[in-house]
Amino acid sequence: MLTLRYSHRPLRFNFPARTSRGALTEHVAWYLHVHDTAQPSVVGLGEAAPLAGLSPDYGPGFEAHIQALCADFNRLALPELPPEQAHQFVGEDLPALRFALETALLDLQHGGRRLLYDTPFSRGEAGLPINGLVWMGDAAFMREQIQKKLAEGYSCLKLKIGSLDFATELQLLREIRAVAGPKELTLRVDANGAFAPAEALAKLAALSEFALHSIEQPIRAGQWAEMARICRESPVPVALDEELIGVPAEQQLALLTETRPAYIILKPTLLGGLQRTLQWLRTANQLSIGWWLTSALESNVGLNAISQFAGQYVMDGFPQGLGTGQLYHNNVAAPLHIQGGALHYNPQGTWELPE
């Protein structure tokens, strides 16, 4: 019989993580633990870590939803439950919780070892290239991060923009390009919807000087017609991020057909799990739209699940957004590490079980 319980941990940032929506100093992660009573030592683990200001399920009532899920689940005394049936217990309005249940069941299915897929990444034979993330802050703080990431050997950097004045942000990009040209360094920027539609194309024209790979979410989500115009006319390839959150499965094709972005950013915590992410991925492939996977400030439990998924579906060495494991000073201990601009997994390493 399957049994479900939960725990949680307030994750504390090493520095205030600033976006255009404000600064984060703490992020609460909730963990689902599932086991079969016949094998209590084999535990599947999943993480639900909704983000303030972004996740549909963030709020003071989230723990009550987890309690209700555990009560409903345990009442049924299920002998087994395939991961792809997690949606039967968790609705679309709770995407982070659905991701947690799905990945906990997937982990249990594979022996409770945090090895969700059998790939070169999970076997420790190959790393996943990632972008180095440069957080918002004053110019000196961002400059320090940039120099550190370049010294660590990243070939792709992603800068959060939209909090400094635009001229200062352009100067930072100018300084990066003075050190490394587009052949040596891929540059991505993320505006988190900070541009007004009327000013977006002018700002994108100014940004095009720096041979950027892409810009994520230049304007606020929900403005499909304006986003379609910007995607069509922008001199910088546009990637949709927040735009995908809360879009039902039956509207995925309509959104991507109308807006025609160059890329979409896939965050399983915000999209409702791995199966829902796979739907987006397949729809993008159908329309010849590029994509990459990104963590959403989860602890190492959620980051590992997304990375294991990436190891299964990423085929071309395209840098993923999976460099968030070093954000917290009380992260869940896990055998994940970054080396040479790539995320690696050690299958012989040890895991902490969050309680």
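Predicted model: local features only at pLDDT ≥ 70, side-chain atom pairs only at ≥ 80, totals over all residues.
Trainee: Ok, helices. At what angle do H3 and H4 pack?
Mentor: Two packed helices are described by the angle between their axes and the distance between the axes. Helix H3 (residues 139–151) and H4 pack at about 25°, with their axes 11 Å apart, where axes are lines fitted to C-alpha atoms, for helices over the stretch in contact, and angles run from 0 to 180 degrees between N-to-C directions. The helices themselves (H or I, at least four residues), like the strands (E, at least two), are DSSP runs numbered from the N terminus.

Trainee: What orientation is that, then?
Mentor: H3 and H4 are therefore roughly parallel to each other, since angles under 35 degrees count as roughly parallel, over 145 as roughly antiparallel, 65 to 115 as roughly perpendicular and the rest as oblique. Their crossing is right-handed, a word used if the near helix is turned clockwise from the far one by less than a right angle, with anticlockwise giving left-handed.

Trainee: Which residues in H3 and H4 meet?
Mentor: Ala139, Met142, Arg143, Ile146 and Leu150 in H3 meet Thr168, Leu172, Glu175, Ile176 and Val179 in H4, contact meaning heavy atoms within 4.5 Å. By class, the residues of that contact divide into 7 nonpolar, 1 polar and 2 charged, where Ala, Val, Leu, Ile, Met, Phe, Trp, Tyr, Cys and Pro count as nonpolar, Asp, Glu, Lys and Arg as charged, and the others, Gly among them, as polar.

Trainee: Is Met142 buried or exposed?
Mentor: Met142 counts as buried, at 1% relative accessibility; buried means under 20% relative accessible area, exposed over 50%, and partly exposed in between, with a 1.4 Å probe and protein chains only. Leaving aside neighbours within four places in sequence, Met142 is in contact with Val134, Trp135, Met136, Gly137, Leu159, Lys160, Leu164 and Leu172. The C-alpha atoms of Met142 and Leu159 are 8.6 Å apart in space, and the two residues are 17 apart in sequence.

Trainee: And Gln171, where is that?
Mentor: Gln171 sits in helix H4 (residues 166–179) and counts as partly exposed, at 34% relative accessibility. Its C-alpha atom is separated by 9.3 Å from that of Ala139, which is 32 residues apart along the chain.

Trainee: Switching to H1 and H2, what is their crossing angle?
Mentor: The axes of helix H1 (residues 62–76) and helix H2 (residues 95–109) cross at roughly 40° and come within 11 Å, and H1 and H2 are therefore oblique to each other. The crossing of H1 and H2 is right-handed. Phe62, His65, Ile66, Leu69 and Phe73 in H1 meet Leu97, Leu101 and Leu105 in H2, a contact with 7 nonpolar, 1 polar and no charged residues.

Trainee: How far apart are the axes of H5 and H6?
Mentor: The axes of helix H5 (residues 197–207) and helix H6 (residues 224–233) are 11 Å apart, and the angle is about 15°, which makes H5 roughly parallel to H6. The contact is made by Pro197, Ala200, Leu201 and Leu204 of H5 and Glu226, Arg229, Ile230 and Glu233 of H6, and these residues divide into 5 nonpolar, no polar and 3 charged.

Trainee: Backbone next: what is phi of Arg114?
Mentor: Most residues other than glycine have a negative phi, and most peptide bonds are trans. Phi of Arg114, however, is near 65°, a positive value; Arg114 is found in the loop between H2 and strand E4 (128–129) and is buried, with a relative accessible area of 9%. Phi of Ala211 is also positive, near 50°, and Ala211, in the loop between H5 and strand E8 (214–216), counts as partly exposed at 42% relative accessibility.

Trainee: Last one, what joins the side chains of Glu242 and Asn192?
Mentor: A polar contact of 2.8 Å joins them, the term meaning a pair of N or O atoms within 3.5 Å, where within protein one must be able to donate a hydrogen and the other to accept it, and residues adjacent in sequence count only if both atoms are side-chain atoms. Glu242 lies in the loop between strand E9 (238–240) and helix H7 (252–259) and counts as buried, at 10% relative accessibility.

Note on methods:
Residues numbered from 1 in each chain as written. Heavy atoms only, no water.
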